[in-house]
Amino acid sequence: MSDEPVILEVFGDPDAARCSDGVCAVPGAVGDGTAEPGVHPDAEAGATEADT
Amino acid sequence: MTTPITIDIWSDIACPWCYIGKRRLESALETFGQNPGNPPVTVTYRSFELSPDTPVDFAGSEVDFLVEHKHVSPERARAMLDQITGIAKTVGLDYDVDAMQHTNTVRAHQVLHLAKAQGLQREVKERLLHAYFVEGRHVGRIADLAELGAEVGLDPAEVTRVLDADELISAVHDDQDQARRLGIDGVPFHVVDGRYGVSGAQSPETFVQVLEQVVADRAGTDLDDFDEEVAS
């Protein structure tokens, strides 16, 4: 990839099946498409869906 | 000769989803390659440090790291790791969470850049991920990285020299700067042919569909059904 890419489209739930800031999304967490209400990987840290 | 499709993958070593995503992508590439009319695919790994503040010799387990550095409760940290370990099993990876030695990965990324220059990046990436997640090997110390690199064809003296001098640190930073410009804030993140992004360890089917989209673009056709089904 010699030139700077220009991403036209992103596939996949941006919050699912990935790790960010050292914490990894798991099934059942908000944002991975399989969420149960009120469940979030950072729940104990006080995070909300809006924090991600 | 057909121009290869490029896949640039921003990822880290200490990233459970990155290894799972690697296996899913490999499955996709096998499927895609079964059609002799499809172009070849070249994969390049780019650097992304999830926790650059981690010490090389972190004294504690993976759970301890999440508790101390990410403020997750021990119960939640264990549950997260158990869930991801279960998902790893579905792609044939036997993660040993209790054996993992959490560490700073900036040196490992430099080794990957050295390997890239020698055409050995794929081998080194696999070796480092397997060492970290399955074998519980340390992937942050120079001596350990020299040994692991040597196992897949790198010169251990050269690895030691490069790491002692932090010779490839700018290459690591360049990748991370580019990630920021692209808005990448989590990994794995795949850029396919410089135009399509795939965030996360998506299914092999998703990767195949994106590759087929590139083929269709090149042929000047449009896969309307694909757009409706996948782009969400």
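User: Helices (H or I, at least four residues) and strands (E, at least two) are DSSP runs, numbered from the N terminus. How many helices and strands are there in chain A?
Analyst: This is a predicted model, where local features need pLDDT of at least 70, side-chain atom pairs count only at pLDDT 80 or more, and totals for chains, interfaces and linings use all residues. Residues are numbered from 1 along each chain as its sequence is written, while chains are lettered from A and ligands numbered from 1 in the order in which they are written. Along the sequence, chain A reads β-β-β. The count for chain A is 0 helices and 3 strands.

User: Thanks! What share of the residues in chain A is buried?
Analyst: A residue is buried if 20 or more other C-beta atoms lie within 10 Å of its own, exposed if 12 or fewer, and partly exposed in between, with C-beta atoms placed from the backbone. Of the 52 residues in chain A, the buried share is 31%.

User: Which strand of chain A gives the most to the side that touches chain B?
Analyst: Two residues are in contact if their C-beta atoms, placed from the backbone, lie within 7 Å. The contact takes 27 residues from chain A and 36 residues from chain B. On the chain A side, strands E1 (9–11), E2 (19–20) and E3 (23–24) each supply at least two residues. With 3 residues, the one that gives the most is E1(A).

User: Which strand of chain B pairs with E1(A)?
Analyst: Two strands pair if DSSP finds at least two bridges between them. Here there are 3 bridges, in the parallel sense, and Phe11(A) has Val198(B) as its bridge partner. The strand, residues 196–199 of chain B, is E4(B).

User: Which strands stand at the edges of the open sheet, and why is one side of each left without a neighbour?
Analyst: The sheet is open and mixed, with 5 strands in the order E1(A)-E4(B)-E3(B)-E1(B)-E2(B). Each edge strand has a single partner strand, so one side of it has no neighbour in the sheet. The two edge strands are E1 of chain A and E2 (41–47) of chain B.

User: Which helix packs on the sheet?
Analyst: This helix touches E1 of chain A as well as E1 (5–11), E2, E3 (189–192) and E4 of chain B. Its direction makes about 175° with that of E4(B); axes are lines fitted to C-alpha atoms, for helices over the stretch in contact, and angles run from 0 to 180 degrees between N-to-C directions. The helix, residues 204–218 of chain B, is H9(B).
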